[in-house]
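Biologist: Can you walk me through this model? I'd like to start with how the pieces pack, then look at a few residues.

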Amino acid sequence: MVVAEALILAGIGIGQHIAEHIFWNGKLDQSNDFHFYFRVNSLFWDPNIYGRYLVLAILLSLGVLLWITGRLRAMALVAALAVLAAGLFFSFSQTSFIALFAGLFVLAALRWSVLWAAIAAPIAVAAVVGRSAADRQRQHVG
């Protein structure tokens, strides 16, 4: 039920991004005027709360996906994850992405081993930080 609701909310958030129009939050609307990106909030007041709700649904879906055996169900979950990830991306919520990484670490530790999760986590964080630094450098140069 949580995932179905999150899919609806993500759809609304994606629609807000496409239309570049949000509702119920004048401060966020004004803030969007001063940034190169457009944050959405779906039906939530705060984009961070919206993002954290999507992270909850993403982690629940991934938890099921990691232990599922049916191919059709797995494909449906992957499609749902794609929509949820798009909705999360347009929230531009840094705390939500941190929560997602922490949840992914826990799921990896539960599914495979704590050792492999502990090895993979710093590598993934380094890759994300490196990519972010490269993008910021490119913005300052260009």
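Biologist: Is the crossing of helix 3 and helix 5 left-handed or right-handed?

Modeller: The crossing of helix 3 and helix 5 is right-handed. Keep in mind that this is a predicted model.

Biologist: And at what angle do those two axes cross?

Modeller: At roughly 15°, and the axes come within 9 Å. An angle under 35 degrees counts as roughly parallel, so helix 3 and helix 5 are roughly parallel to each other.

Biologist: Which residues meet there?

Modeller: On the helix 3 side they include N48, G51, R52, V55 and I58. On the helix 5 side they include T95, S96, A99, L100 and G103.

Biologist: Let me step back. How many helices and strands are there in the protein?

Modeller: There are six helices and zero strands. From the N terminus on, the order is α-α-α-α-α-α.

Biologist: What share of the residues is buried?

Modeller: Of the 142 residues, 30% count as buried.

Biologist: And the contacts, what share joins residues at least 24 apart?

Modeller: Taking contacts between residues at least 6 apart in sequence, 60% join residues at least 24 apart.

Biologist: Back to helix 3. How does helix 4 run against helix 3, roughly parallel or roughly antiparallel?

Modeller: Their axes cross at roughly 160° and come within 9 Å. Angles over 145 degrees count as roughly antiparallel, so helix 3 and helix 4 are roughly antiparallel to each other. The crossing is left-handed. Among the residues making this contact are Y50, L54, I58 and S61 of helix 3 and L77, L81, L84 and L88 of helix 4.

Biologist: What about helix 1 and helix 3, at what angle do they cross?

Modeller: The axes of helix 1 and helix 3 cross at roughly 135° and come within 9 Å. That angle makes helix 1 oblique to helix 3. Helix 1 passes helix 3 in a left-handed crossing.

Biologist: OK, the core. How many residues has the largest nonpolar core?

Modeller: It has 18 residues. Those with the most contacts inside it are A6, Y50, L54, I58, L84, L88 and L100. Helix 1, helix 3, helix 4 and helix 5 each supply at least two residues of this core.

Biologist: Which helix gives the most?

Modeller: Helix 3 does, with eight residues.

Biologist: You listed L84. Where is L84 found, and is L84 buried or exposed?

Modeller: L84 is found in helix 4. Its relative accessible area is 0%. Buried means under 20%, so L84 is buried.

Biologist: What is L84 in contact with?

Modeller: Leaving aside its neighbours within four places in sequence, L84 is in contact with V3, A6, L7, A10, L54, A57, I58 and S61.

Biologist: S61 is on that list. Where is S61 found?

Modeller: S61 is found in helix 3. It is buried, because its relative accessible area is 2%. Beyond its neighbours within four places in sequence, S61 is in contact with V3, L77, L81 and L84.

Biologist: Which helices do the buried residues of helix 4 pack against?

Modeller: They pack against helix 1, helix 3 and helix 5. The buried residues of helix 4 include A74, L77, A80 and L81.

Biologist: What span should helix 4 have?

Modeller: At 1.5 Å a residue, its 21 residues should span 30 Å. Its end C-alpha atoms are 30 Å apart, so the two agree.

Definitions and conventions
Residues are numbered from 1 along each chain as its sequence is written. This is a predicted model: local features need pLDDT of at least 70, side-chain atom pairs count only at pLDDT 80 or more; totals for chains, interfaces and linings use all residues. Side-chain values use heavy atoms; hydrogens and water are left out. A nonpolar core is a set of buried Ala, Val, Leu, Ile, Met, Phe, Trp, Tyr and Cys residues joined through side-chain atoms within 4.5 Å. Buried means under 20% relative accessible area, exposed over 50%, partly exposed in between (1.4 Å probe, protein chains only). Helices (H or I, at least four residues) and strands (E, at least two) are DSSP runs, numbered from the N terminus. The expected span of a helix is 1.5 Å times one less than its number of residues. Contact means heavy atoms within 4.5 Å. Axes are lines fitted to C-alpha atoms, for helices over the stretch in contact, and angles run from 0 to 180 degrees between N-to-C directions. Angles under 35 degrees count as roughly parallel, over 145 as roughly antiparallel, 65 to 115 as roughly perpendicular and the rest as oblique. A crossing is left-handed if the near helix is turned anticlockwise from the far one by less than a right angle, and right-handed if clockwise.
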